Amino acid sequence: MKISEDTINSIAQLLPQTNIATNASTTEHQRDYSVEELALAANTTVRNIRAYQDRGVLPPPALQGRKGIYSNLHLSRLRLIANLLDRGYTLSSIRELISALEEGVGLSEVLGIESALNSPWTNEAPTTIGMTDLVKMFGSKLTPSAIKTAHDLGLFSISGTELRVSSMNTLKVAEELCATGIPLDELLDILRMMRGNVQRVANEFVKLVSRHVLEPYAEQKIPPPEELPKIAELVWKLRPLAEKVVDAELGRAMEIAAGQFLADTLESIMDDLPKDSPYRR
C-alpha cells in the first residue's frame with residue numbers, strides 16, 4: 001500500500017534539518033493559532049488535540065501568559081497524525097514513529113518497514129459488481145441474514161446497488177459450493193470460524209518473529225537504522241512461508257477429515273447389512 005504524498009511531506013518536516021536558511025516567504029507563512037483555531041485548521045476537535053498531547057504525539061504549545069499558542073509545526077503534526085490514523089496506525093505506534101524520525105532514523109528505512117507490513121498480502125484486487133450479479137450467483141440462498149453476515153465478515157461493502165467485493169475468488173468458491181445444495185448461511189458460519197482460527201495462527205507467527213528477531217531491541221524504541229532493511233526483508237519472506245504452511249496444514253486436515261468421513265460412512269453401511277451377509281464383520 002503506497003503511502004500518500006501528504007503523509008510523506010508531513011513526515012519530511014519532522015526529519016532533522018541542517019543548514020536550511022529561513023527566507024521571507026517562509027516567515028510570511030508562519031502563524032500562531034489558539035487551540036480552537038488549530039482544531040478548525042486541522043479539521044479536528046479541541047478534545048482530540050488535548051488527547052494527542054496527553055499521549056505524547058503532539059508537543060505542548062508555547063505559553064504567552066496563561067494562553068497556549070500553537071504554530072504551523074503543530075498543524076503539520078496534526079495532519080500527519082490524521083493520515084496515519086486513517087492508515088490503521090495506533091497512537092502508540094505513531095508516537096514511536098515520530099520519536100524515531102526526530103532521532104534521525106532514515107525515512108527510506110521507515111517506509112521500507114511500512115511497505116513490508118502494510119502492502120496487500122494478496123495479489124487479488126477488489127472488484128465492483130452489482131447487487132443483481134450477486135443475486136444471480138446465489139439465487140434464493142441469498143437471504144437477508146446471509147447478506148448481513150457476508151458484509152460483517154468484510155466479503156463486500158455496499159454502496160447503493162453496487163458491491164465492492166474484497167475477494168471475488170472467495171465469492172466464486174462460495175457460489176460453486178452453494179450450487180451443490182449447501183446453504184450460504186452455513187458456509188459463512190464456517191468462514192467466520194476459520195477467520196478466528198487463521199487469525200490466531202497469524203498472531204502466533206508474528207509473535208514468533210517478535211520474540212526471536214525483535215527481542216534483542218526490546219530496550220530500544222526502534223531497532224538501529226541499519227537493521228531496519230533486514231527486518232523488512234524478513235517480513236517479505238514471511239508472507240510466502242506462512243501461506244505454504246497454512247496450505248499444507250489445511251491439506252493435511254482435509255485428508256484426515258475426508259478419511260474419517262469415509263470410514264464413518266462405510267461403518268454405517270456395514271451396520272445396515274443383513275445379519276447373514278458375508279460382508280458383515
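Helices in this tour are DSSP runs of H or I that hold at least four residues, and they are numbered from the N terminus. With that numbering, select the loop between helix 3 (35-41) and helix 4 (46-54), where Asn43 is found. The model on screen is a predicted one.

**Stop 1: Asn43**

Asn43 is not a glycine, yet it has a positive phi of about 55°. Is Asn43 buried or exposed? Its relative accessible area is 73%. Exposed means over 50%, so Asn43 counts as exposed.

**Stop 2: the whole chain**

Of its 281 residues, 28% count as buried. Take the contacts between residues at least 6 apart in sequence: 67% of them join residues at least 24 apart.

Now colour the chain by pLDDT. The average is 76, and 69% of the residues score at least 70. Select residues 1-5: the pLDDT there is below 50, and the stretch has 11 contacts in the model beyond near neighbours in sequence. Select residues 7-29 next: here too the pLDDT is below 50, with 29 contacts in the model beyond near neighbours in sequence. Where pLDDT is low, the predicted coordinates should not be read in detail.

**Stop 3**

Go to the loop between helix 2 (24-29) and helix 3, and pick Ser34. Which residues does Ser34 touch, not counting those up to four places away in sequence? They are Lys67, Gly68 and Tyr70. The relative accessible area of Ser34 is 13%. Buried means under 20%, so Ser34 is buried.

Move on to Ala39, which lies in helix 3. Its relative accessible area is 4%, so Ala39 is buried as well. Show its contacts, leaving aside neighbours within four places in sequence: Thr44, Thr45, Val46 and Ile49. Then draw a line between the C-alpha atoms of Ala39 and Leu75. These two residues are 36 apart along the chain, and the separation of their C-alpha atoms is 8.6 Å.

**Stop 4**

In what order do the three strands lie in the open sheet? The order is 3-5-4, with antiparallel pairing. Strand 3 (127-130) and strand 4 (156-159) are the edge strands, each pairing on one side only. On average, neighbouring strands of this sheet are turned by 25° against each other, direction ignored. Strands of a sheet pair through backbone hydrogen bonds, either parallel or antiparallel.

Zoom in on strand 4 and strand 5 (residues 162-165). The two run antiparallel and are joined by four bridges. Two bridge pairs can be picked out: Ile158 has Leu163 of strand 5 as its partner, and Ser159 has Glu162 of strand 5. The hairpin formed by strand 4 and strand 5 has two residues between the strands, and in this hairpin Gly160 takes a positive phi near 65°.

Helix 8 lies across strand 3, strand 4 and strand 5, and runs at about 80° to strand 3.

**Stop 5: Thr149**

Select helix 9 (residues 144-152) and find Thr149 in it. Thr149 has a relative accessible area of 14%, so it is buried. Apart from its neighbours within four places in sequence, Thr149 is in contact with Leu188 and Arg192.

**Stop 6: the cavity**

How many cavities of 30 Å³ or more does a search of the whole structure find? It finds one. The volume of the largest cavity is about 70 Å³.

To see its lining, select Leu134, Phe138, Leu142, Ala146, Ile147, Ala150, Leu155, Phe156, Leu171, Ala174, Leu184 and Leu188. Helix 8, helix 9, helix 10 (168-179) and helix 11 (184-214) each supply at least two residues of this lining. Which helix gives the largest share of the lining? Helix 9 does, with three residues.

End the tour on Leu188, which is one of the residues lining the largest cavity and is also in contact with Thr149.

Definitions and conventions
Residues numbered from 1 in each chain as written. Predicted model: local features only at pLDDT ≥ 70, side-chain atom pairs only at ≥ 80, totals over all residues. Heavy atoms only, no water. Buried < 20%, exposed > 50% of the residue type's maximum accessible area, 1.4 Å probe, protein only. Contact = heavy atoms within 4.5 Å. Pairing = 2+ DSSP bridges. Axes fitted to C-alpha atoms, helices over the stretch in contact; angles between N-to-C directions. pLDDT = per-residue confidence, 0-100. 1 Å grid on protein atoms, 1.4 Å probe; cavity = no way out; pocket = protein on both sides within 12 Å on 5 of 7 lines; lining within 4 Å. Points joined across faces, edges and corners; volume = space filled by probe spheres on them.
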